[in-house]
Amino acid sequence: MKPSRTSKAWMREHLNDPYVKLAKAKGYRSRAAFKLEEINERDHLIRPGTLLVDLGATPGGWSQLAVRQGAQVIALDILEMDPIAGVTFIQGDFTEDVTLEKLAQVVNNRQVDLVISDMAPNMSGVASVDQARSMYLCELALEFACGHLKPNGQFLVKVFQGEGYQEYFQLLRATFEQVLNRKPKASRDRSSEVYLLCKNLRKAVT
């Protein structure tokens with residue numbers, strides 16, 4: 001099949017992308033590593049010994065950066081990921097209970113310092129469907145974070161602005177004492193993605 005104009009334009013943009021070139025130079029598996037790098041430099045999320053869960057990890061750029069910062073990393077994705085020294089990887093569907101059980105077993109009742117989620121659904125091309133699937137993954141990531149974070153732990157999640165975004169943002173504000181909006185330079189301007197950084201779980205009302 002002959003490549004379309006759209007695919008040719010994407011490839012041209014990708015090859016000329018300064019973050020793609022920089023990722024190759026630094027040995028990162030994806031340009032996305034620079035999104036986490038910028039947020040981490042600003043907010044000091046990752047320190048030596050940080051216990052971190054990376055949701056939607058493949059191909060591994062975020063996990064690579066976290067390990068380089070001295071974190072203990074547990075990574076999960078529905079897709080395969082080539083091994084990274086210092087990373088415990090689980091392949092499975094985050095929407096399935098069996099995968100969540102495997103993840104919980106690896107966490108092994110430890111309280112997590114940081115949950116990072118760069119998950120996105122397989123895109124159907126139908127905007128309303130894709131947005132709904134994306135928000136569902138965000139909700140699952142929040143549920144996991146609430147169940148495993150330390151009281152002063154942090155949660156960083158990629159969210160696409162659109163239907164359900166405001167409701168999710170308000171849910172985060174009700175769950176954490178502080179919610180910050182981050183749009184890294186490596187995030188393309190045309191993308192509706194933003195990263196929400198949440199700090200300090202609110203105490204449950206009993």
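**Close-up views of a predicted model**

**View A. A polar contact of 3.0 Å links the side chains of Arg182 and Asp43.** The model is predicted. Arg182 sits in strand 6. Its relative accessibility is 10%, so Arg182 counts as buried, the cut-off being under 20%. Leaving aside residues up to four places away in sequence, Arg182 touches Ile39, Arg42, Asp43, Val194 and Tyr195.

**View B. Helix 7 spans residues 165-175 and has buried residues along one face.** The buried residues are Tyr165, Tyr168, Phe169, Leu172 and Thr175. Seen down the helix axis, they fall within an arc of 125 degrees, so they line one face of helix 7. Glu167 and Ala174 are on the other side of helix 7, and both are exposed. What do the buried residues of helix 7 pack against? Their partners are helix 6 (127-148), strand 5 (149-160), strand 6 (176-182) and strand 7 (193-201). Strand 6 is also the place of Arg182, shown in View A.

**View C. Tyr28 and Phe34 form an edge-to-face aromatic pair.** A search of the whole structure finds six aromatic pairs. In the pair of Tyr28 and Phe34, the centres are 5.5 Å apart and the planes stand at 85 degrees. Tyr28 and Phe34 are both buried. Together with Tyr19, they form one aromatic cluster.

**View D. Phe94 and Phe144 form an aromatic pair between a loop and helix 6.** Their ring centres are 6.3 Å apart and their planes lie at 75 degrees, so this pair is edge-to-face. Phe94 is in the loop between strand 3 (87-91) and helix 5 (97-107), while Phe144 is in helix 6, so the pair ties together parts that are 50 residues apart in sequence. Phe94 is buried, and so is Phe144.

**View E. Cys138 and Cys198 are buried cysteines.** Across the whole structure, the search finds zero disulfides. For Cys138, the nearest cysteine sulfur is that of Cys198, 10 Å away. For Cys198, the closest cysteine sulfur is in Cys146. How far apart are the sulfurs of Cys198 and Cys146? The distance is 9.0 Å, too far for a bond, since a disulfide needs the sulfur atoms within 2.5 Å. Cys138 has a relative accessible area of 3%. For Cys198, the value is 0%.

Note on methods. Residues numbered from 1 in each chain as written. Predicted model: local features only at pLDDT ≥ 70, side-chain atom pairs only at ≥ 80, totals over all residues. Heavy atoms only, no water. Buried < 20%, exposed > 50% of the residue type's maximum accessible area, 1.4 Å probe, protein only. Helix = DSSP H or I, 4+ residues; strand = E, 2+ residues; numbered from the N terminus. Arc of directions from axis to C-beta. Contact = heavy atoms within 4.5 Å. Phe/Tyr/Trp six-rings, centres within 6.5 Å; stacked < 30°, edge-to-face > 60°. Polar contact = N/O pair within 3.5 Å; in protein donor to acceptor, adjacent residues only side chain to side chain.
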